[in-house]
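Subject: Structure handover

Hello,

Here is the structure, for your files.

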Amino acid sequence: MNPLTPVHVATLPPARFREVLDPPQWEILDSANRHAREILGDRRIWSLNSTASGGGVAEMLQSLVAYARGAGVDARWSVIDGEPDFFVLTKRIHHKLHGSPGDGGPLGPAEREVYERVTRANAERLALELRDGDVVLLHDPQTAGMLPVLKDHDVHLIWRSHIGIDEPNEHVREVWDFLLPYVNDARAFIFTRREYCPPQLLDRDLTIIPPSIDVFAQKNQSMTTEQVVSILATAGILDAEAVVPPSYLHHDGREDLVARRAEMDEDEPLTLEDRLVVQVSRWDPLKDPVGVMQGFAEHVAPYVADARLVLAGPSPAGVTDDPEGAVVLEEVRAARLALEPDVRRRVHLACLPMDDRAENAAIVNAIQRRASIVVQKSLAEGFGLTVAEAMWKDRPVVASGVGGIQDQIVDGESGVLLEDPTDLAAYGSAVTALLADPATMEAMGDAARERVRAEFLGSRHLIQYLGLFQRLTEGDGFGTGG
């Protein structure tokens with residue numbers, strides 16, 4: 001039996017956070033870093049999820065595992081394997097946890113057989129590599145079925161759910177009926193928001209840890225205006241001259257260049273004169289890309305002559321755990337083609353290359369930095385890392401007041417929250433009002449960056465993880481050497 005697929009992650013020095021933290025924040029992180037090895041000893045910290053790229057969980061793991069290693073922790077990350085039917089099922093579960101029927105399929109005995117077969121096989125492969133005292137952090141529904149297989153090993157099992165809605169409906173309850181027999185075997189639980197936790201787990205060992213962004217990663221690192229233009233021009237997103245190399249930095253300081261082009265659906269190219277309203281997300285119906293487009297066409301385009309909409313997302317072929325991405329992309333393309341020609345020419349779809357994760361992230365960074373306004377008009381959202389990413393770049397964000405988005409934005413101060421995500425007129429009015437008021441846009445962008453610096457950096461995330469791991473491993477008798 002072969003081991004699970006490991007994800008290669010570099011080792012990064014946590015000391016670099018000193019650049020962006022205030023002195024009290026840095027002192028807390030520095031103390032945690034100095035004590036991490038003492039607390040954890042030679043225990044391994046395992047993170048398991050379903051994809052190495054294409055989603056917020058993968059992005060966070062790429063960063064957090066690297067900084068944990070930099071603090072002397074033996075942190076590892078592996079990705080589970082699955083057959084197509086398994087990922088169709090887990091996508092159905094994903095939608096239902098967000099309160100949506102998804103594809104309308106059942107969660108019955110046949111689905112349970114597929115789920116248990118795949119998760120059991122992955123758990124048995126992981127078990128071959130575990131040592132007594134290890135900490136195993138399993139992410140989201142794709143991994144929950146591994147818990148019953150691993151419970152008899154002398155390891156600390158934590159299950160983390162990144163998704164949910166504040167007011168559960170029948171779809172959410174159906175999913176928890178399906179998942180609870182598996183997750184009950186976890187020793188501790190992590191949720192993004194307390195509201196996402198089912199009633200059956202509220203009296204268990206529960207920790208609330210909001211996600212975070214890595215401000216040094218390719219998706220968030222600083223870029224000059226010339227770099228932004230050159231990257232977008234090279235990627236075929238902007239009709240402009242690349243006056244400097246389309247460069248970005250890897251974590252080790254090595255410079256690289258954007259070379260691949262995005263696949264664009266457009267009638268005419270974007271120019272430097274255009275003001276961009278941008279949404280970057282997976283091609284997912286819960287991100288409501290068609291609604292974003294219709295709201296722009298009906299309530300922004302008629303009033304702001306130089307505004308253009310860019311809907312950007314990953315090439316579906318590069319996101320292995322999202323089988324419906326290609327279907328949603330075709331729906332968005334059809335909706336765009338149905339627009340009146342004068343509006344359609346101001347709507348641009350960018351399907352971003354996924355061959356190289358760092359390159360993809362650099363292109364996303366440039367798109368967000370070129371935006372006048374970033375939108376995240378999700379119908380449901382576990383957290384929405386694209387919101388924090390845009391806020392870090394001083395962008396005013398217009399977003400739905402759902403899920404973790406409402407934890408990030410202070411309405412009217414560091415962004416605009418939409419009370420009803422389906423109210424296209426309200427969305428369009430918010431965008432139009434900001435475009436007409438550059439001073440408010442600038443002030444909102446400044447407040448947004450400070451909000452992220454204070455609340456949503458990876459340093460806070462690492463400290464919370466270490467506190468949980470310390471509490472779980474105290475006195476277990478394993479891994480205290482080294």
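This is a predicted model: local features need pLDDT of at least 70, side-chain atom pairs count only at pLDDT 80 or more; totals for chains, interfaces and linings use all residues.

Residues are numbered from 1 along each chain as its sequence is written, and side-chain values use heavy atoms, leaving out hydrogens and water.

Sheet. Helices (H or I, at least four residues) and strands (E, at least two) are DSSP runs, numbered from the N terminus. An open sheet of mixed pairing is formed by 7 strands in the order E1-E3-E2-E4-E5-E6-E7; strands pair if DSSP finds at least two bridges between them. E1 (5-6) and E7 (206-208) are the edge strands with a single partner strand each, so one side of each has no neighbour in the sheet. E5 (residues 156-161) and E6 (residues 188-191) pair in the parallel sense over 4 bridges, and Trp159 has Phe189 in E6 as its bridge partner.

Cores. A nonpolar core is a set of buried Ala, Val, Leu, Ile, Met, Phe, Trp, Tyr and Cys residues joined through side-chain atoms within 4.5 Å, where buried means under 20% relative accessible area (1.4 Å probe, protein chains only). The largest has 87 residues, and Phe17, Ile158, Ile237, Leu352 and Ile367 have the most contacts inside it. Helix H2 (residues 56-70) supplies the largest share of this core, 9 residues. A second, separate core has 44 residues, including Leu89 and Val118.

Helix H13. In H13 (residues 385-392), 8 of the 8 residues are buried, so the helix is largely enclosed by the rest of the structure. Among them are Glu389 and Trp392.

Regards

Definitions and conventions: Buried means under 20% relative accessible area, exposed over 50%, partly exposed in between (1.4 Å probe, protein chains only).
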